[in-house]
Amino acid sequence: MAIEQIKIGFDNFSYVIYCPIYKQAAIVDPSLDATRTLQFIASKKLTLEYILITHHHRDHSSDSKRIKSLFPQAKLVASEADGKKLALKQDIVVSDGSQLKIGKILLDFLVTPGHTPGGICITVDNEALLTGDTLFIGDCGRTDLPGGNLAHMYASLHEKIMHLPDELVVYPGHDYGEKPFDSLGNQKRTNKTLKAKTLQEFSKIP
Ligand SMILES: [Fe+2]
């Protein structure tokens, strides 16, 4: 299993998950400009199997259309709720417990509403956790945009993310933290949004 983290624009992160054995790949969140992401895929001679969209916001999804036109065989993957808001119809709808494979790599999907109604997180071979705008290093995604919901975010973080293994490496959708990625265990100990013990406490975090 291999993951390439690619910074796009001011602070977005796009990712390439790829199987070095089978040379298959997925892009997670093409963002506004996938040029460098596509260059990485070409440099490694990978076949693009999937375009995974953590949530529908344009800064994560907007270059999907160009990628689809270049690689029509690549399948666009999103949740039902957020897929409806994409410019392109998704090819695969994922929900809690959905799985996909990229070569030998296993992807597990979790639906984590709060930032958007159908945001998703993806675990990769039980080693990495791509969190989109659900969880950042040191914070969580905002809940005050259209479709956001603070109670749903609290539930996603505390009923789903907190139950995942400490060893996972968290790869967020933005470079907002003091480092670009971190172990989930360290985030459980230090991230104020994961340390909050109740919804009321969570709601008071500035
Ligand atoms: Fe977002």
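## Terms and basis

A residue is buried when its relative accessible area is under 20%, exposed when it is over 50%, and partly exposed in between, using a 1.4 Å probe on protein chains only. By that rule His57 is buried, because its relative accessible area is 15%.

This is a predicted model, in which local features need pLDDT of at least 70, side-chain atom pairs count only at pLDDT 80 or more, and totals for chains, interfaces and linings use all residues. Residues are numbered from 1 along each chain as its sequence is written, and side-chain values use heavy atoms, with hydrogens and water left out.

## The iron site

His57 is one of the residues that hold the iron ion. The donor atoms are NE2 of His55, ND1 of His57, NE2 of His115 and OD of Asp133, at 2.2 to 2.3 Å. Donors here are N, O and S atoms within 2.8 Å of the metal (3.2 Å for Na, K and Ca); water is not among the atoms, so sites may look incomplete. Along the chain the donors follow the spacing H-x1-H-x57-H-x17-D. His55 is buried too, because its relative accessibility is 2%.

The arrangement is irregular, because the 4 donor atoms subtend angles of 86 to 176° around the iron ion. Four donors count as tetrahedral if all angles lie between 85 and 135 degrees; four count as square planar and six as octahedral if opposite donors are over 155 degrees apart and all others between 65 and 115; anything else is irregular.

An open sheet of 6 strands runs in the order 7-8-9-10-13-14, with mixed pairing. Strand 7 (99-102) and strand 14 (182-183) stand at the edges with a single partner strand each, so one side of each has no neighbour in the sheet. Strands (E, at least two residues) are DSSP runs, numbered from the N terminus. Two strands pair if DSSP finds at least two bridges between them.

Strand 13 (residues 169-172) pairs with strand 14 in the antiparallel sense over 2 bridges. Val170 has Asp182 as its bridge partner in strand 14.

Strand 9 is largely enclosed by the rest of the structure, because 5 of its 5 residues are buried. Ile120, Ile122 and Val124 point one way, and Cys121 and Thr123 point the other way. Strand 8 (residues 105-111) pairs antiparallel with strand 9 over 5 bridges. Phe109 stands opposite Ile122. Strand 10 also runs antiparallel to strand 9, joined by 3 bridges. Here Thr123 has Leu129 as its bridge partner.

The hairpin of strand 9 and strand 10 has 3 residues between the strands. Asp125 lies in this loop. Its phi is positive, about 50°, although Asp125 is not a glycine. Asp125 is partly exposed, because its relative accessibility is 24%. Asn126 is exposed, because its relative accessibility is 56%.

## The cavity

The structure holds 1 cavity of 30 Å³ or more. The largest cavity has a volume of about 40 Å³. A cavity is a set of points, on a 1 Å grid over the protein atoms alone, where a 1.4 Å probe fits but cannot get out; lining residues have an atom within 4 Å of a point. Grid points are joined across faces, edges and corners, and a volume is the space filled by probe spheres set on the points.

The lining includes His55, His115 and Asp133, which also coordinate the iron ion. Ile120 of strand 9 is among the lining residues as well. The lining divides into 1 nonpolar, 9 polar and 1 charged residue. Ala, Val, Leu, Ile, Met, Phe, Trp, Tyr, Cys and Pro count as nonpolar, Asp, Glu, Lys and Arg as charged, and the others, Gly among them, as polar.

Technical notes
Helices (H or I, at least four residues) and strands (E, at least two) are DSSP runs, numbered from the N terminus. On a 1 Å grid over the protein atoms alone, a cavity is a set of points where a 1.4 Å probe fits but cannot get out, and a pocket is an open set with protein on both sides within 12 Å along at least five of seven lines; lining residues have an atom within 4 Å of a point.
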